Amino acid sequence: MPFRAPQQETPMNTYALLSAFAGFALVMGTLTVYFAAIPRGTVPVKVNGLTLRLVFGVALAAAGIYLGLTGAGSAGGLVYIPAVLALLFGGFILWVLPQRHTPLGDIKVVVGDPIIPFKALTTDGTPFNSSELAGKRVLLKFFRGGWCPYCVAELAEFNKMVPELEKMGVQIIALSKDTPDQAALNKSRDGLKFDLLSDPNLSVIRAYGVEHHKALGQTKNPKSTYGGLALGLAPFKIETMAIPTTLLIDETGVIRWIDQTDDYRLRSSTERVMSAVSQVFE
């Protein structure tokens with residue numbers, strides 16, 4: 001019989017493997033640090049460093065795929081899986097970040113104005129009329145929805161403020177375009193001690209001029225949170241929602257403080273809110 005030399009296994013493409021894993025580690029490490037900062041309210045004001053790290057990580061992942069396809073040696077799942085994950089997660093956040101700015105300037109009220117009368121729905125679908133706020137001190141919060149991790153973190157901070165606000169006779173009411181059942185899910189899921197109002201037709205949001213056209217959001221609220229973050233698998237779509245806005249209203253129905261931001265990631269700190277409440281009611 002003729003002699004046959006044993007076949008040698010094709011060596012792994014080391015450069016492709018290293019590039020793919022480096023890109024994956026950089027992207028996922030960057031996102032882990034960033035998302036861990038959301039519940040603490042410490043997301044970076046400037047996103048240049050975040051963007052650069054994600055771009056570099058995505059580039060490394062893309063290079064890993066390229067080397068795997070064109071370089072010498074094999075490149076299986078150990079290369080392509082982490083590289084594709086880095087491209088998907090890093091690319092998605094890079095696409096979302098430029099959309100963080102909110103269109104301010106259309107708000108219909110200023111400090112000193114009376115509130116605009118409105119009607120909404122409670123979490124059980126019962127009609128709510130703003131006349132029920134007569135004689136009450138209210139912190140009215142317009143928010144994007146119970147799917148938004150930044151809103152979830154902010155409402156959790158508001159929840160912690162409830163005892164101190166009650167001492168000053170201030171109650172919190174938060175309103176979004178969520179349907180009553182989605183608002184009920186949000187309230188139960190996060191253990192919120194204040195009322196959530198539903199404005200599914202955006203009539204209240206539009207009346208106050210706090211409408212964000214063509215914003216990216218999820219179609220349903222996640223049923224649970226992870227580390228204080230609402231992370232769900234519901235699809236995303238471009239839709240209209242509220243610009244995060246806080247109104248402090250006195251017992252006569254007059255607006256005494258307004259807080260907005262042109263970046264929906266950045267929200268008022270507990271200190272800022274309590275300082276405003278103290279200045280108005282003490």
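Colleague: How many aromatic pairs does a search of the whole structure find?

Modeller: Happy to look, and bear in mind that this is a predicted model. When the whole structure is searched for aromatic pairs, the count comes to seven.

Colleague: How are the rings of tyrosine 34 and phenylalanine 35 arranged: stacked, tilted or edge-to-face?

Modeller: Their ring centres are 5.6 Å apart, and the planes meet at 85°. An angle over 60 degrees is what the class requires, so this pair is edge-to-face.

Colleague: And is each of those two residues buried, partly exposed or exposed?

Modeller: Tyrosine 34 has 6% relative accessibility, which makes this residue buried. Phenylalanine 35 is at 23%. The cut-off for buried is under 20%, so phenylalanine 35 counts as partly exposed.

Colleague: Let's move to phenylalanine 118 and tyrosine 208. How far apart in sequence are the parts that this pair ties together?

Modeller: The two rings form an edge-to-face pair, with centres 6.2 Å apart and planes at 75°. Phenylalanine 118 sits in the loop between helix H3 (77-96) and strand E1 (119-121), while tyrosine 208 sits in the loop between helix H6 (203-207) and strand E6 (211-218). The pair therefore ties together parts whose separation in sequence is 90 residues.

Colleague: Are phenylalanine 118 and tyrosine 208 buried or exposed?

Modeller: Phenylalanine 118 has a relative accessible area of 5%, and tyrosine 208 has 1% relative accessibility. With the limit for buried at under 20%, phenylalanine 118 is buried and tyrosine 208 is likewise buried.

Colleague: Which residues form one aromatic cluster with Phe118 and Tyr208?

Modeller: Good follow-up! The cluster holds Phe118 and Tyr208, and its other members are Phe128 and Phe142.

Colleague: Which residues does threonine 30 contact, leaving aside neighbours within four places in sequence?

Modeller: Threonine 30 belongs to helix H1 (residues 14-37). A relative accessible area of 8% makes threonine 30 buried. With those neighbours left aside, the contacts of threonine 30 are Leu50, Arg53 and Leu54.

Colleague: Which element gives the largest share of the largest nonpolar core?

Modeller: That core has 53 residues, and Leu139, Leu165, Val170, Phe194, Leu248 and Val277 touch the most other members. Elements supplying at least two residues each include H1, helix H2 (48-70) and helix H4 (149-167). The largest share is eight residues, and these come from H4.

Terms used:
Residues are numbered from 1 along each chain as its sequence is written. This is a predicted model: local features need pLDDT of at least 70, side-chain atom pairs count only at pLDDT 80 or more; totals for chains, interfaces and linings use all residues. Side-chain values use heavy atoms; hydrogens and water are left out. Rings of Phe, Tyr and Trp (its six-membered ring) pair if their centres lie within 6.5 Å; planes under 30 degrees apart count as stacked, over 60 as edge-to-face and the rest as tilted. Buried means under 20% relative accessible area, exposed over 50%, partly exposed in between (1.4 Å probe, protein chains only). Helices (H or I, at least four residues) and strands (E, at least two) are DSSP runs, numbered from the N terminus. Contact means heavy atoms within 4.5 Å. A nonpolar core is a set of buried Ala, Val, Leu, Ile, Met, Phe, Trp, Tyr and Cys residues joined through side-chain atoms within 4.5 Å.
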